[in-house]
Amino acid sequence: MALRRALSAAGRRCAQRLCSSAWGDTIFAVSSGHGRCGVAVIRTSGPGSRGALQSLTGRPPLPPPRVLALRRIRDPGTGETLDRGLVVWFQGPQSFTGEDCAELHVHGGPAVVSGVLRALGTLPGLRPAEPGEFTRRAFRRGKLDLTAAEGLGDLIRAETEAQRRQALRQMEGELGRLYQRWSETLTQVQALAHLEAYIDFSEDDNVEEEVLSQVDATVRALEQEIGSHLQDGRRGELLRGGVHAVIAGPPNVGKSSLLNLLCQRPAAIVSPVAGTTRDVVEVALNVGGYPLVLSDTAGLRDATDPVEQEGVSRARDRLQEADLVLAVLDAAAVPTEPVGLGAALGSLQPPPSTPCILVLNKADLLKGNGGSLRAACAQGHPLPPITFLSCKTGEGLDHLLALLAQELARLCGDPLSGSPSLTQGRHSLHLRQCMAALVQYSQERRSDLGLAAERLRLARRHLGSITGHVSTEDVLDIIFRDFCVGK
């Protein structure tokens, strides 16, 4: 055991030396986004940050760390003034990346920004940053773990309030702390340590038999906690990527009109000719603070035209993959009793386990049978939530949006309540593999303690792979490549 710990420590020191040698250069990039703006922020990180800032500002000397100062910014090669703006520097490790950092707050015109970037590029030891390199350096310096880095990326891309809340919670480390606590349970809370002690010393009667019972109880409790975490209905993933809703129904019932009404623009072609929609038309919406990815599909019928057949096939495929179904029927043509209405809905063949909202469109055409149809809908069971709508007049839109917001809130949950949710497919993969290792421990514990202990180490490695305490360069490349330059 002592030899194993010594080798592990030596490996960590070697890895740290290798990483440190790769951090010798200083990187720079625009961190405030591209395009014309009032103020652009140009960021540097690395040992040359303070010197670079001094080279561009000259005299007077730089202000103390973390203090903004107004300076004239010049090209260090020609002395030409490029702009006049605010500058600040941060001394590592008290910075985002943990290294010395500097920021230049300049006017956001393209000529100003490109001039400052060119000036930085002429300085020795400085180079443009790769996408996500600032955040990657912060991870390498231990300023944040991988789940927090992913939360930062999600926060940058967040388009709705619920997405922002979930991403901010993850970026602040709640998810990472949960997984780290589980990892520590396997290493410090009488699990691995006690099991290894039992293996090493049980023959000398220095360890009581009840040690194994303590380990078993710890493993069972952890297995239940991880299992509950996995059974979250994909709330975090749905909130992060958007709930995929499919508009489905027979031809000419107003599916494309509904899409256009919801997104308030002519996203899909509308025509009185049945079968106009052939391909899937997809738009992203914000409904009640939740992200909705809405797909208009071809009318479901037995088509004879080969192109329409392909459209119907794609519609049915999308219907099977949907997180939510908006089933659209013609209010003026559907049966007026619950059984017939249910049969009309069933003919669309929505997946039984997928939530559904029944939209009875063309409500403005209802005449004498309107009362009986509304009475049938009011009976509820076994019908899903129903709303009457007129895409022509807009009547009923508010009720439909309220139903949509209610379903989205149920599917995504409240991102601020309870335990933090899973947000990435890789989290689920490693947690399931961790669970499998814990189950194998329970199966092998009676027959081979050495092998059972290895199962616990494997479970711990899977937890470490989520937070980055155990990682490979391939995994890091995948995570950080989606960041924009300057982050």
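Which helix gives the largest share of the lining of the largest cavity? I looked, and helix 6 (residues 161–171) supplies that share, with 3 residues.

**Ground rules.** I'm working on a predicted model, where local features need pLDDT of at least 70, side-chain atom pairs count only at pLDDT 80 or more, and totals for chains, interfaces and linings use all residues. Residues are numbered from 1 along each chain as its sequence is written, and side-chain values use heavy atoms, with hydrogens and water left out. Helices (H or I, at least four residues) and strands (E, at least two) are DSSP runs, numbered from the N terminus.

**Cavity.** I ran the grid search (1 Å grid over the protein atoms alone; a cavity is a set of points where a 1.4 Å probe fits but cannot get out; lining residues have an atom within 4 Å of a point). It gave 1 cavity of 30 Å³ or more. The largest cavity has a volume of about 70 Å³, volume being the space filled by probe spheres set on the points, which are joined across faces, edges and corners. I listed its lining as Q166, R169, Q170, L175, P415, P420, S421 and T423. That splits into 3 nonpolar, 4 polar and 1 charged (Ala, Val, Leu, Ile, Met, Phe, Trp, Tyr, Cys and Pro are nonpolar, Asp, Glu, Lys and Arg charged, the others, Gly among them, polar).

**Pocket.** Next I checked the second largest pocket (an open set with protein on both sides within 12 Å along at least five of seven lines). Its volume is about 400 Å³. Of its 26 lining residues, N252, V253, G254, S257 and V270 are closest to the centre. Helix 11 (residues 255–263) gives the largest share of this lining, 3 residues. I get 10 nonpolar, 12 polar and 4 charged for the lining of this pocket.

**Helix 17.** I then went to residues 449–467, which make up helix 17. Its 19 residues reach 28 Å from first C-alpha to last, close to the 27 Å expected (1.5 Å times one less than the number of residues). At its start, a side-chain oxygen of D448 comes within 3.1 Å of the backbone nitrogen of L451. After the helix comes G468, with a positive phi near 100°.

**Strands.** Last, I looked at pairing (at least two DSSP bridges between two strands). Strand 1 (residues 26–30) and strand 2 (residues 37–45) are antiparallel over 4 bridges, and V30 stands opposite I42. The two form a hairpin with 6 residues between them, and G33 in the turn has a positive phi of about 90°. Strand 2 also runs antiparallel to strand 5 (residues 101–108), joined by 8 bridges; there R43 has E103 as its bridge partner.

Definitions and conventions:
A polar contact is a pair of N or O atoms within 3.5 Å; within protein, one must be able to donate a hydrogen and the other to accept it, and residues adjacent in sequence count only if both atoms are side-chain atoms.
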